[in-house]
Amino acid sequence: MTVKEVLRAHSAAHEDASAETKGEGGHASSVAPAATVAAGRASQELGVRRAEFELAVHLGLIAVTGAPGGGRPRVHEDEIARLREQPGFPDALVERVRTIGTAQGAALLDIAPARFTRLARAGCVSPVTFYLNRYRAVVWLYLADELAAFAAREPELLAGRTPPEMRTMLESGADWRARNWRSQRIDRPLDRTTDPWARTAVQASALDPVQLAEVVDDPYERAYLVRVRPEPVFGRPGSMAAREAMAELMLADDPDEILWRRVNLTLELDSARGDRPAPRPGDDGGARATPPARTGARPRAVRPAPAAEPAAPPACTGASRPAAVGRTTRKGLLARLGWRGRGAG
């Protein structure tokens, strides 16, 4: 064997070993990343309407992933395959996201529409979405599955006299529908969000600009919250009237709810500041870039414990409740919030 042949053989052996090593753990692996498709394509492949698809994502029934460089969430092809293999597909998925209004909900529970409205106002059942009728009035919609579960859990509330506590609350004008809807719009994205600043941005979405500025007094931090706020995957209204209604409904409007949101925002803000500072003008954008949003299977993120809990509907054990409450209150937290009972007007 000549010298040239020996060198060629040695070079070939080295290239083969290098390719094998890269294939196992290097960057040149032939294993391609899992393919993803856009939401519109995914809804077509799953045989569901776009609104049903978005609601399923909102409820955590379909896992999505953030697109590289931002943009609309996408769906892995293996997630589509998983859903298609489930029993009863696609009818079972469609049934889990079926929404109904007051009249249909009352018929499902076999009660009068007026009684259904009272139960909803008392917070016993929570709307998941809404639409505006021709008079631009909000019409709430409920998950049929949740109504059936409520009927099985609280049958005594479907017949007989209204409990005294509930009757007193309703006579005072209480209406928990918007508040419960708002809680779902905040808590469900929090369950899928791990980045501290993105979580802070979700909490901030429930406060008006004045309340927000009192809790987050740094204008650069407020601007950063706008940039990193996770894009909603469900309920993006199309018309201007619907967008205005959505923006108004998203804001906490009761004093104890405002306090609850300010407390949660303060705790999340502390966590975000401890993780990394918000960028300032002139900062290296790459050094403090926000990690890609992970909105697929729900991560087990540790959420800061709230310092206080708002009053819950007194007569509805099936009503939406805030997350578990910490036993201790941070010293001076309310003073930091600047809370003086505003919001009653």
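The structure is a predicted model, and its protein chain contains 16 helices and five strands.

**Chain and confidence**

- The protein chain has 345 residues, of which 40% count as buried.
- Among contacts in the chain with a separation of 6 or more, 75% join residues 24 or more positions apart.
- The average pLDDT of the protein chain is 80, and 70% of the residues score at least 70.
- Residues 1–11 have a pLDDT below 50, and beyond near neighbours in sequence this stretch has one contact in the model.
- Residues 13–31 also stay under 50 in pLDDT; for this stretch the model has five contacts beyond four places in sequence.
- Where pLDDT is low, the predicted coordinates should not be read in detail.

- Helix α11 is mostly covered, with nine of its nine residues buried.
- These buried residues are P196, W197, A198, R199, T200, A201, V202, Q203 and A204.
- The axes of α11 (residues 196–204) and α15 (residues 255–275) come within 8 Å and cross at roughly 160°.
- Because angles over 145 degrees count as roughly antiparallel, α11 is roughly antiparallel to α15.
- The crossing of α11 past α15 is left-handed.
- On the α11 side, the contact involves P196, W197, R199, T200, Q203 and A204.
- On the α15 side, the partners are R261, N264, L265, E268, L269, S271, A272, R273 and D275.
- By class, the residues of the contact of α11 with α15 comprise six nonpolar, four polar and five charged.

**Helices α6 and α7**

- Helix α6 (residues 102–109) packs with helix α7 (residues 113–121) at an angle of about 100°, and their axes are 8 Å apart.
- Because angles of 65 to 115 degrees count as roughly perpendicular, α6 is roughly perpendicular to α7.
- T102, G105, A106 and L109 of α6 make this contact with P113, F116 and T117 of α7.
- The contact of α6 with α7 has four nonpolar and three polar residues, and no charged residues.

**Residue T129**

- T129 lies in strand β4.
- T129 has a relative accessible area of 14% and is therefore buried, as the cut-off for buried is under 20%.
- Setting aside neighbours within four places in sequence, T129 is in contact with V139, W140, L141, W181 and F234.
- T129 and Q184 are 55 residues apart in sequence, while their C-alpha atoms are 9.8 Å apart in space.

**Residue A137**

- A137 is located in the loop between β4 (129–132) and β5 (138–143).
- With a relative accessible area of 33%, A137 is partly exposed.
- A137 touches Y131 and L132, when residues up to four places away in sequence are not counted.
- From A137 to A245 the separation is 108 residues in sequence and 9.1 Å in space, C-alpha to C-alpha.

Key:
Residues are numbered from 1 along each chain as its sequence is written. This is a predicted model: local features need pLDDT of at least 70, side-chain atom pairs count only at pLDDT 80 or more; totals for chains, interfaces and linings use all residues. Side-chain values use heavy atoms; hydrogens and water are left out. pLDDT is the predictor's confidence in each residue, from 0 to 100. Contact means heavy atoms within 4.5 Å. Axes are lines fitted to C-alpha atoms, for helices over the stretch in contact, and angles run from 0 to 180 degrees between N-to-C directions. Helices (H or I, at least four residues) and strands (E, at least two) are DSSP runs, numbered from the N terminus. Angles under 35 degrees count as roughly parallel, over 145 as roughly antiparallel, 65 to 115 as roughly perpendicular and the rest as oblique. A crossing is left-handed if the near helix is turned anticlockwise from the far one by less than a right angle, and right-handed if clockwise. Ala, Val, Leu, Ile, Met, Phe, Trp, Tyr, Cys and Pro count as nonpolar, Asp, Glu, Lys and Arg as charged, and the others, Gly among them, as polar. Buried means under 20% relative accessible area, exposed over 50%, partly exposed in between (1.4 Å probe, protein chains only).
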